[in-house]
Amino acid sequence: MIRLKRLELLNYKIHRHNVFEFENFTEIKKPNEFGKSTIIEAISDAFALTPEKLVGKKTKGSVENPVILLDFVLDGKQYRVSVNAQSKSITLKGEGVYLDTKESISKFFKSQGYPFLSYVVRDLLILRERDLYVDTRSRDFRKFTEDIFKVENINALKSVIDKILKEKGGFRDTSFGREYVEVKREYLELKEEIGALYEEYLKKLAKRKELNVKSRKLTELEEEIKIARDRIEDLKILGNLAKKGMLEMQLKSLKNRQKEIEKRLVEIAAGLEKYRKKEKEIGSRIEKKKEALEKVRQAEEKVLELERLLKETENKQKKLRHTRTKISLLNKEIDRLNSQIKKLDSEIGALVENKIRLQQEINKIKKSHVEFPESILAEFEKRYKDVVASIREVESIENRLAVLREKIAPYESYSLEELKRAYENWKTYNRLRHNAKGMLKVERGEAEFNGIKLGEGKTIEFEGKLEINHKEFSAVVYTVFELSELERHLLSYFKVFKSPEKLSEVIKTYKEIGEKEEKLQFIGPMKLLKEKKELEEKINRAKEEIKKSRHEKEQIEKLEKKLREIEDELKKYESQLVESRTSLEVKVTERDMLVKWLNEIDEVALEARIVEYKREIEELKDLLKNKKTLIKECKTLEEDLQRIKESISHLLKEEGARALERREIEGKIEEHEKEINGLKEYEKLLDGIPFGLVRDYMNKSYEEIQNEIEYLNKKLEDMIQKKIALSEEVARLKGYLESTSFLGNLDEKRSRLLELERKMDAFERMERFLRKVKRVLWQLGERIEREYIVEIEKRTREIFSRITENRYKWTGFNSGSIFTDGFGKNWSVESHDGINFEFKDLSDGTKTQLLFSIRLALISLFLGNKKAFLLLDEPFAYYDKNREKIGREILRKLYEDGWQIILMSARA
Amino acid sequence: MLLYHIADVHIGREAKYLGKELFEIQKEHLERMYLKAVEDGASFVVIAGDLFDSNYVPSEKAREVLELIIKFASVKTVILPGGGSRHEGEITGHDAYTEDSIYKRPDIAIYFEKENLFLLSPVQPVLKVGETAFYGGFFEIPDYPEEDARYHVAVVHGAFGKNRGEKDPALFEGTFYDYVALGHYHSYREFGKSAYPGAFIQFEFSRARILDSGFLKVRIDSGLGIERVVFDDAPRFYKVEILSREDAIRLEKELKPLDFVEIEGYAEETELEVRRLLKNEHIRLREDAYVIKKDPMLHMINRVIREITQDEEPEVQKELESFVMRFLRKKPKKPDIEGVLRRFFEL
């Protein structure tokens, strides 16, 4: 329960300082203008807790801002709320409570069961003249109503779910969304991994099957190998026995052959003896023939030697003749060369002389030649150009200066500083005039104002200054004192310059003259003219120097060219001279050698030797005539000897072969006999061999049995290879199966997948759940307003029934929303005797009762069963007596129910 | 003919507060149930789906369970994989007969070559064992009987009931089936000739009611007799709201030694009672528990939520109510909601 006790107002509207005290039923009866409504407004402001809004409510003529102090009792405890616009502060003081912010005070009220108290006071607890309707369309009302009905919470929850879920399924990119994606990713990866492990596991199962099959095969193969080996052993015995029989046969045949060979060897020995005797005889005959042939060969060699010597001597004789001719030719050539050398020496001497003369001439010119650099001339010319340009600029500035000086000639008496000051004053004068406008109204008579004649009742608006002329009377009115002061200073300028623009132009001209003069001074025209003259002289001098230098250069070049030509010629002659001298030297040497050789030769001895050689050759040629016959005889004898040797060789070869064969056969016989003795052992083993086998192989040859053994061995070898491969295979499979556990970490992975599956399931369940929550919230939002209405209807019905003392048993709201226009009018009621009435059909009194009931029902929504105060401002102002009676009756009942009633009334 | 009907064993699952101990409890009760079946002369044990929590349950665990089952030679066990019952797309989750089904693993499939273990699958949806024919509920339940069978038992895994999204179990009435063994819901439910035994051993927290563990004894002779057997010594898991002193007293009185209770919220005035309850180590106050203040508006809203969700399955209805109400009491903030959701779904 909340009760107002005391209200103190300071500088609040009409109340400069007033204190009001309230009972549980207080009626303030005062005439209009007392400030009754202001009291209610102040109570509303006290709960609004906004001191800044009080500033505008200051008492007229008061300097200080308003202060409201409101004492009230809340659930038996005393509190004071103070709203002070002077210190811009609010406080709530009470038993153990001191709060000084709007938030903390609102929170305090809420905690005490009075949420939104400021709104409840303003919109529900205060009733103004006749205005019993509650305005449910206001934003504030809707806001705190929705808070009461948790609409805000519903919307907030919806909004958070919307942030978590996507519209069409799945999670948004929030922590859930990301986690879900992550879990799903891990799940899929793990599933794939498990798939692979499972494949591996299936592979292992298959391998295990394969191992079993292969192990079985291996055992079978080992058995087969054993059987094959036994058979081979048996066959070997049978084979050895067959071999023994075969060897005995072979031994017999070997011995026969041995006899044959010995007989043949005796025959060969006789044949050899005969042939060797014949060989000796033919040999001695061939020896004699060969000695005769040797003599013939020696004679041939001697003839050849003699012929060579003869030819050599004849050649020497011929060479002697040639040398004599050559010496004579060489002497002639030497004479020619000597005369040529003499001529060249004299030519070279003349050229050397010429060369020295030319060099002397060149050196002479070079010594006096001086080169003048053309760049210096270019520099002079460039500078000359610049100087000419500067002179032209000076002329242009001087022309401009003449024009400018002519322009300012009339104002020469003013200095630039004076003009600048006057210009600034003139601008201030104009500004002052413009800002100081005035108006004059002619009351009586007529006069001339600023040159305009005006009569009675006429007005004139002016800026800054007004000149008044009437007959003899003349006056000037300045709107601002400073204007007259300024005008006094500016008068002469007004006359001379007429306008500030003109003055500004003159100032500008002054400034330009200054700038130009400064520039002229900087350039220095006299200096420029002097430099121009100097430069002209320098350029001429330089040009002459260059011309002279060029002429000398040409001369030197010409002489140097001639010198080079002489040098070339000199080189040519010198080279010819060297060539001639070398050639002379060669020829002299050659001639001297030939003369020396000629002197050494004895010509007579040469002739005698030639005759001697010819004679000796003729003597030897007789001996050579028998040579052909000798050769023929010798050849026939050698052919006979060859044939005999071949026969001997054949016989020796056969003898060797037979001897070898005899040795081999002897060896074989020995071997056979030895082997047969060895094989006799196998006869004892025959009993151990299965009879069937002995029978099958009894008549087979040793080779046949050997072939059979070979075939079996091959087969055995195949089997052994197969066994090795199979054993390896089995070992590999065993190794593979033993290398890792059979299931691997499949079960571990499955356990992890189970966890992930559970997480995924939780996420999916959560999504389904949140979508259901969303659906629920959606429907809940729609249902809640309907529920408000039901609740308000219910409460209104209870209150209305009590106020009307059960004359009405039912009330109903006819609209879908309470937040619409005409909330108070969309009601119908049913009287205790079952008759229905629309609001509009009710009597004024009943309407008042219904509207009160609705208001109280709304208040109870916020405050529950807690009672508060009702502030009524002239509620019955427009009521007739009967209706006022009903109204007062309602208030009495409310008072009796525990409500505090504070009534403002102008009526006595 | 007597058969035992169980479902939703969920081997491989762990339970809050029990962890892996759940597996030991599951095995112990399976063994006891089979002993009882032998003693009663039961011909079959029918497992109507979700024997395994997932197709990824480790083989070792699965083999342990199957070894236990085949040990009882006189009792024949018929197993139906989990999953839905309406269309192929629904056959997912838990031990559904999918491509990677646990029942297809060679080391598991080998058990179904034994004489007393049978698997109903899309490959073999109908099995005749002696005089009894079993019909697996895949997509459609066969509507023609095995001619020379005396008993016809359908085994179906799916959502049957009167709530939204459920299939009406009345469709089994008037068919040639003597009994329809259902699986999927973890609470016991019976409708005419079909019934859910509930989870064999409970492992999840419920809100709407306390769920017991157990199985059904089904006798088919001249008529159908269904008897529910509840394990008194199996764990139970439930969440409660203490709204009054009476609620606290009732909870204390009805608490069993293997119960695990979480208090989700309590009325302001029951704080002392709640503190007393928490002295029992099987009762825990949830980290995100809420305090319920008297508020007629909230009372009204709670009623509206119940009305809106009345078509939902009771457990879902209670979940929705609890979740929404929590945030109508206190203005919801994103982190709070996320935290509550994490705890709600044990994420």
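This is a predicted model: local features need pLDDT of at least 70, side-chain atom pairs count only at pLDDT 80 or more; totals for chains, interfaces and linings use all residues.
Figure 1. Arg308(A) is partly exposed, with a relative accessible area of 42%. Glu312(A) also counts as partly exposed, at 46% relative accessibility. Side chains of opposite charge can pair when their charged atoms come close.

**Figure 2. Arg405(A) and Glu517(A) link distant parts of chain A.** The side chains of these two residues, Arg405(A) and Glu517(A), meet in a salt bridge with an N to O distance of 2.3 Å. Arg405(A) lies in helix H7 (residues 374-408) of chain A, while Glu517(A) lies in helix H10 (residues 500-523) of chain A. The two positions are 112 residues apart in the chain. Arg405(A) is partly exposed, at 38% relative accessible area. Glu517(A) is partly exposed as well, at 34%. Elsewhere in chain A, salt bridges that share partners make one network of Arg257(A), Glu260(A), Arg264(A), Glu267(A), Glu654(A), Arg658(A) and Glu661(A). Over all chains, the count of salt bridges comes to 120.

**Figure 3. Lys331(B) and Glu152(A) form a salt bridge.** The closest N and O atoms of this pair, Lys331(B) and Glu152(A), are 3.0 Å apart. Lys331(B) sits in the loop between helix H7 (314-329) and helix H8 (334-344) of chain B, and Glu152(A) sits in helix H5 of chain A, so the pair joins two chains. Lys331(B) is partly exposed, with a relative accessible area of 47%. Glu152(A) is partly exposed too, with a value of 26%.

**Figure 4. Chain A and chain B meet at an interface with eight salt bridges.** One salt bridge joins Arg783(A) to Glu307(B), whose closest N and O atoms are 2.2 Å apart. Between chain A and chain B, 14 residue pairs are in polar contact. Three helices of chain A, namely H5 (151-164), H6 (175-368) and H16 (746-803), each supply at least two residues of the side of chain A that touches chain B. H16(A) gives the largest share of that side, with 26 residues. By type, the residues on this side of chain A are 27 nonpolar, five polar and 17 charged. In total, 49 residues of chain A contact 48 residues of chain B. The size of an interface is often given as the accessible area lost when the parts come together. Here chain A and chain B bury about 4300 Å² between them, and 68% of this area is on carbon and sulfur atoms.

**Figure 5. Strand S19 of chain A is mostly covered.** This strand spans residues 900-905, and six of its six residues are buried. In a regular strand the side chains alternate between the two faces of the sheet. Gln900(A), Ile902(A) and Met904(A) point one way from S19(A), and Ile901(A), Leu903(A) and Ser905(A) point the other way. Strand S3 (residues 25-29) of chain A runs parallel to S19(A) and is joined to it by five bridges. In this pairing, Ile28(A) stands opposite Met904(A). Strand S18 (residues 869-873) of chain A also pairs with S19(A) in the parallel sense, over five bridges. There, Leu870(A) stands opposite Ile901(A).

**Figure 6. Strand S9 of chain A has one covered face and one uncovered face.** The strand covers residues 437-441. Gly438(A) and Leu440(A) make up the covered face, and Lys437(A), Met439(A) and Lys441(A) make up the uncovered one. S9(A) runs antiparallel to strand S12 (residues 459-463) of chain A, with five bridges joining the two. Gly438(A), on the covered face of S9(A), has Phe462(A) in S12(A) as its bridge partner.

**Figure 7. Chain B contains eight helices and 15 strands.** Chain B has 347 residues, of which 58% count as buried. Among its contacts between residues at least 6 apart in sequence, 64% join residues at least 24 apart.

Definitions and conventions:
Residues are numbered from 1 along each chain as its sequence is written. Chains are lettered from A and ligands numbered from 1 in the order in which they are written. Side-chain values use heavy atoms; hydrogens and water are left out. Contact means heavy atoms within 4.5 Å. Buried area is the accessible area (1.4 Å probe) that two parts lose on being put together, summed over both. A salt bridge is a side-chain nitrogen of Lys or Arg within 4 Å of a carboxyl oxygen of Asp or Glu. A polar contact is a pair of N or O atoms within 3.5 Å; within protein, one must be able to donate a hydrogen and the other to accept it, and residues adjacent in sequence count only if both atoms are side-chain atoms. Helices (H or I, at least four residues) and strands (E, at least two) are DSSP runs, numbered from the N terminus. Ala, Val, Leu, Ile, Met, Phe, Trp, Tyr, Cys and Pro count as nonpolar, Asp, Glu, Lys and Arg as charged, and the others, Gly among them, as polar. Buried means under 20% relative accessible area, exposed over 50%, partly exposed in between (1.4 Å probe, protein chains only). Two strands pair if DSSP finds at least two bridges between them.
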